[in-house]
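Please read the points below with the structure open beside you, and look up each place in the model as it is named.

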Amino acid sequence: MITREEIANVLDQPVYDGDGNKIGDAKHVFFDDMTGRPEWVSVKTGMFGSTESFVPIRDAALVQDHLEVPYGKDQVKGAPSVDVDSGGHLSETEEHRLYDYYGINWDSVLSEAERTDDGRMAAGPGTAGAAGAAGAAGAAGAAGMAGRTGEAGGEDMRAAAGTGGTAGTAGGMTGGKDTRAREGMRGDEAMTRSEEQLHVGVERHESGRARLRKYVVTEEVQQTVPVTHEEVRVVREPITDANRGDALAGPEISEAEHEVTLHAERPVVETETVPVERVRMTTEELTENETVRGQVRKERIEAETESFTEEETGRGGKRRGRE
């Protein structure tokens with residue numbers, strides 16, 4: 001189990017599952033108001049840490065420079081989204097949903113909290129005060145429960161520890177909420193002002209597919225070719241000295257036949273397959289500018305001053321200003 005003293009080594013550190021897969025980075029730790037023990041850790045997951053998932057820290061272990069939890073990466077990323085109120089607390093309903101999701105028996109959690117609370121009550125106010133002082137020092141960012149020597153009931157709220165540590169409740173506090181706040185004043189009496197920066201990257205994804213498909217179509221082709229044929233033409237020649245011998249070669253009066261074979265051409269069609277073209281596909285990358293908008297938070301520091309005059313001091317008056 002992670003102790004309060006180890007919380008400072010957990011925040012902003014990688015979180016891995018039991019198989020060595022990185023889930024994300026630890027951002028906040030939530031404490032049980034009744035037991036004062038670390039109960040939940042929120043893990044930033046997704047692109048640029050855009051998603052925050054809750055995972056139980058009770059069975060987690062701090063291994064070298066990272067936190068290891070006994071839950072799979074997909075299970076943590078699929079945890080139900082919960083609503084944290086402005087005071088940095090999980091409601092009993094939201095926490096019940098998380099326990100059910102991770103298969104943790106709600107009754108056993110309540111029994112453990114009651115046993116721990118009974119032990120603190122028996123120890124007296126000194127024990128509760130020490131826990132509150134440790135929280136105020138920002139040791140793990142947890143709020144201490146001071147002066148609660150007889151309070152065992154009430155709403156079970158969870159206080160969160162931020163990245164810089166959360167200021168604890170003073171030793172005389174008897175009720176109210178532990179709020180989530182980063183450590184403000186340091187030993188050199190200076191405040192650290194922080195702001196978020198927007199980091200934009202790109203991811204490659206499948207945007208479509210292109211393919212070449214070859215298919216066969218039939219087209220009508222028309223082409224003109226010359227063709228020849230023979231026709232009979234009767235030629236009559238007068239009898240001359242040149243052909244007289246041929247004319248008198250036969251009988252004087254007779255019957256006869258003479259046959260001539262006629263020829264004609266006709267078109268003959270055949271096809272031949274020949275390669276005419278090669279077709280292939282290539283890809284090229286085109287770069288264009290796309291504007292991305294996001295929201296970042298910035299801290300502002302203002303100084304408040306109070307000035308007094310003798311007349312106002314005598315009447316208990318004062319002036320307040322802001323820079």
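**Notes on the predicted model**

1. The model is a predicted one, and in it Glu94 counts as buried, because its relative accessible area is 13% and the cut-off for buried is under 20%. Leaving out residues up to four places away in sequence, Glu94 touches Ser81, Val82 and Asp83.

2. Stepping back to the whole protein, there are six helices and nine strands. Of its 323 residues, 25% count as buried, and the protein exposes about 24,600 Å², of which carbon and sulfur atoms supply 46%. When contacts between residues at least 6 apart in sequence are considered, 58% of them join residues that are at least 24 apart.

3. How confident is the predictor, on average, in terms of pLDDT? The protein averages a pLDDT of 73, and 69% of the residues score at least 70. Over residues 119–186, however, the pLDDT is below 50, although this stretch has 143 contacts in the model beyond near neighbours in sequence. Among the elements of the protein, strand β1 (residues 14–16) has the highest mean pLDDT, at 91, while helix α4 (residues 125–136) has the lowest, at 30. Where pLDDT is low, the predicted coordinates should not be read in detail.

4. Two residues deserve a look for their backbone angles, since most residues other than glycine have a negative phi. Asp12, which lies in the segment before β1, has a positive phi near 65°, and with a relative accessible area of 35% this residue is partly exposed. Gln64 also has a positive phi, near 55°, and sits in the loop between β5 (61–63) and β6 (66–68). Is Gln64 buried or exposed? Gln64 is exposed, because its relative accessible area is 77% and the cut-off for exposed is over 50%.

5. The loop between α5 (244–247) and β8 (304–307) holds Ile301, and His263 is placed in the loop between α5 and β8 as well. Ile301 has a relative accessibility of 44% and therefore counts as partly exposed. Along the sequence, Ile301 and Thr192 are 109 residues apart, yet their C-alpha atoms are 8.9 Å apart in space. Not counting residues up to four places away in sequence, Ile301 touches Met191, Thr192 and Arg193.

6. Once the neighbours within four places in sequence are set aside, His263 is in contact with His229 and Glu230.

7. Finally, please find the second largest pocket, which has a volume of about 760 Å³. It is lined by 15 residues, and those closest to its centre are Val202, Glu203, Arg204, His205 and Leu286. Which classes of residue make up the lining of this second largest pocket? Sorted by class, the lining has six charged, five polar and four nonpolar residues.

Conventions
Residues numbered from 1 in each chain as written. Predicted model: local features only at pLDDT ≥ 70, side-chain atom pairs only at ≥ 80, totals over all residues. Heavy atoms only, no water. Helix = DSSP H or I, 4+ residues; strand = E, 2+ residues; numbered from the N terminus. Buried < 20%, exposed > 50% of the residue type's maximum accessible area, 1.4 Å probe, protein only. Contact = heavy atoms within 4.5 Å. pLDDT = per-residue confidence, 0-100. Areas by Shrake-Rupley, 256 points an atom, 1.4 Å probe, with all protein chains shown as cover. 1 Å grid on protein atoms, 1.4 Å probe; cavity = no way out; pocket = protein on both sides within 12 Å on 5 of 7 lines; lining within 4 Å. Points joined across faces, edges and corners; volume = space filled by probe spheres on them. Nonpolar A, V, L, I, M, F, W, Y, C, P; charged D, E, K, R; others polar.
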